[in-house]
Structure formats: structure tokens, C-alpha cells
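Me: Can you walk me through this one? I'd like to go over the chains and then how they meet.

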Amino acid sequence: MSDTISDTKQEEQNIVIERLKTLPENVQISVGSEGDFKRDELIQRIERQDPVGMKVVKAQISFLQNLKHGKFYEQIYSADTSDS
Amino acid sequence: MNKSILLTRPTHDRTVIYISRWAEKVINFAKEKGDKILDLFGEKANKQQFESMLKKQCPSYCYLNGHGDSKCITGQYNIPLVTINNNHDILTSKVVYGLSCSAAKELGPACVKSGTKAFIGYNDDYIFTFDDNSRTRPLDDKLAKLFLEPSNLISTSLIKGHTVSESIIASKNALARNISKALTSEAKAEERAAAPFLIWDLENLTFYGEPGAKI
């Protein structure tokens, strides 16, 4: 069981690293008080499994799951039809 | 009636420089409306001046830019300005927006329990992307704009007289529109890269207190 969990985590990290590799060089990501990071720094942090790396994995995987389940389309539709 | 607005805007690292510079747009908007601005910028974003300004000027709205965690929001050089069980009751009767990591998690509810009308903030780290080529001109950074313009909408909506819940909805809708743009085939690679973090911020933006509170 624990092997399966750790395999899943490793798979998620690999997916996020592959996604980050497509980031343009000029993009910096500010992660709160942890600082701001370029693509290669973030990839290293994910490989080291440090808190910043794990936070970015969490955000990216949550995004992919949202896409899969269409979770935020309702919000987008509501925004598109609002007058604000 | 003209309002009194207190801002803290530290400047000791790039993240806080970005959010503090973008807060200038809120300051300009409030000035146009005739509101009084109490601006603790740079070195002035310290605990002594913060507490003194709150006691003497009694602002109805506090817009706190800075780092922090679930228990505090910091000012210049990451020195805490407001901390749970230290001075969080200083925000009694105010509407507060903490553009700061995780402050909505514990500090927000504690402030509301002590009499803060409403506390707007994020349940986890506030994440944004920016263009390294614009690092010396944050206000021209179109990538950062995707995040910081919706954040500013919270303050400008409150200044216009909207309620806390209306201001949150306006901000979330603006984030959603930017997500929608970032997911189109016409979006640039850097805009597409912003989408996961726009959703992250949208999901973590929340408030405690009175939904109908105004400043």
C-alpha cells in the first residue's frame, strides 16, 4: 500500500516537472515568503521534495484535477455572465 | 462620507515590492474618491507606527501587504505587525484585507472573534507569477497583472461602497476571467503557466466576519 502511495507521489512529481520544463525562461514564480523561483530552481526543489517544491506540486495537481472534473467552469461561466 | 484607509507596504524583497507597488493603484483610486490614505511604506511598515496609526487615526479599512503565516502578518524585514495573542485585538471594528500568506487560516478567525468586522485573506500561500524582464517596472508587468489586478478589486470595490462579500465575488470573478483567458489557444506560454496559480489563489481567497460589512 505504502509503495503505491509513494509511486503515485513520484508520478505526480514527474508530471509537474515535465509541465514546468515548458515554462518560458522569463517566468518567475513567487511562493509567499519562501521567495521567487525560476523554472530550474523549482524543478530542483521538487526533486529535493522540499516544502516549496511540494507546494508547487500540490497547486499543479489540483489544477489538473480541476480541469479533469470541470470544477471551475461554473465559476468562469458565472464570471463571464456577471456585470462586475 | 470619506473613509480613512491604512496600508502597509514593505519593500525589502521582490515579492513585497511587487504587491506594494501594485497597491499604489488602490491608493490613487482612493485619493480620487477623496478618501484619507495612511500609507506605511518601506521602513514605515513597522509595528510601532502601525499600532500608533491605528490608535490615533482609527481607519475603517486596513489593507495589509506583506509576508506572514497563519498566525501573523509582517511588515518591513518580515517583522510581525499583527500576531495572534499579542496584538490582534488592535484590528477591532475594522475591515481587513491581508494580502499575505495563510493569514485567513488562524489570524482571520481570531481577529473576528475579537471584534474585527471582516477579515479577508488567503488560507494558504499567496502565489503569483511575474515576468523577470519587468522586474524593475512591476506596474508594467502583464503577467503579474493577471493576479494583482483581481486582488486590487477587493479594495477598490470596498472603497466604492460594496460589501465584503460583493468585493470577494468581484475579485474571484476577475480571477476566473483571467483563468479563462489563460486557457485559450491564443494565450501565451507564460499566461498558460499562470493558470494553476490563479486557480490556487481563487480557491484560497476567503473571508471571516460579516458578509455585509462595508468600510
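What follows is a quick chat about the two chains and their contact.

Me: Before anything else, what kind of model is this?

Reply: It's a predicted model.

Me: OK. How many helices and strands are there in chain A?

Reply: Chain A has four helices and two strands. Going along the sequence, the pattern reads α-β-β-α-α-α.

Me: And is chain A compact or spread out?

Reply: Chain A is more spread out than a compact globule, because its radius of gyration is 15 Å, well over the 12 Å that the globule rule gives for 84 residues. Its C-alpha atoms fill a box of roughly 45 × 35 × 25 Å along the principal axes.

Me: How much of chain A counts as buried?

Reply: Of its 84 residues, 32% count as buried. Among contacts in chain A between residues at least 6 apart in sequence, 34% join residues at least 24 apart.

Me: I've been looking at Asp40(A). Where is it found?

Reply: Asp40(A) is in helix 2 of chain A, which covers residues 39–48.

Me: Buried or exposed?

Reply: Asp40(A) counts as exposed, because it has 12 C-beta neighbours inside 10 Å and the cut-off for exposed is 12 or fewer.

Me: How far apart are Asp40(A) and Met54(A) in space?

Reply: They're 15 Å apart, C-alpha to C-alpha, with a separation of 14 residues in sequence.

Me: Switching to chain B. How many helices and strands there?

Reply: Chain B has six helices and nine strands. Its radius of gyration is 16 Å, close to the 17 Å from the globule rule for 215 residues, so chain B is as compact as a globular protein of that length.

Me: What box do its C-alpha atoms fill, and what share of chain B is buried?

Reply: The box is roughly 50 × 35 × 35 Å, taken along the principal axes. As for burial, 53% of the 215 residues in chain B count as buried. Of the contacts in chain B between residues at least 6 apart in sequence, 67% join residues at least 24 apart.

Me: Which strands of chain B form a hairpin with five residues between them?

Reply: That's strand 4 and strand 5 of chain B, and Tyr77(B) in the turn has a positive phi of about 60°. Strand 4 (residues 72–74) and strand 5 (residues 80–83) of chain B pair in the antiparallel sense over three bridges. Cys72(B) stands opposite Thr83(B) of strand 5.

Me: Now the contact between the chains. How many residues does each one put in?

Reply: Chain B contributes 30 residues and chain A contributes 26. On the chain B side, helix 1 (14–32), strand 8 (127–131), helix 5 and helix 6 (189–204) each supply at least two residues.

Me: Which of those gives the most?

Reply: Helix 6 of chain B, with eight residues on the side that touches chain A. By class, that side of chain B has 16 nonpolar, seven polar and seven charged residues.

Me: What does strand 8 of chain B pair with in chain A?

Reply: Strand 8 of chain B pairs with strand 1 of chain A (residues 27–31), in the antiparallel sense over five bridges. Ile29(A) has Thr129(B) as its bridge partner, and Gln28(A) has Phe130(B).

Me: What order do the strands of that sheet take?

Reply: It's an open sheet of three strands in the order 2(A)-1(A)-8(B), with antiparallel pairing.

Me: What lies across strand 1 of chain A and strand 8 of chain B?

Reply: Helix 4 of chain B (residues 142–160) does, running at about 150° to strand 8 of chain B.

Key: Residues are numbered from 1 along each chain as its sequence is written. Chains are lettered from A and ligands numbered from 1 in the order in which they are written. This is a predicted model: local features need pLDDT of at least 70, side-chain atom pairs count only at pLDDT 80 or more; totals for chains, interfaces and linings use all residues. Two strands pair if DSSP finds at least two bridges between them. The radius of gyration is taken over C-alpha atoms; the globule rule is 2.2 Å times the number of residues to the power 0.38. A residue is buried if 20 or more other C-beta atoms lie within 10 Å of its own, exposed if 12 or fewer, and partly exposed in between; C-beta atoms are placed from the backbone. Two residues are in contact if their C-beta atoms, placed from the backbone, lie within 7 Å. Ala, Val, Leu, Ile, Met, Phe, Trp, Tyr, Cys and Pro count as nonpolar, Asp, Glu, Lys and Arg as charged, and the others, Gly among them, as polar. Axes are lines fitted to C-alpha atoms, for helices over the stretch in contact, and angles run from 0 to 180 degrees between N-to-C directions.
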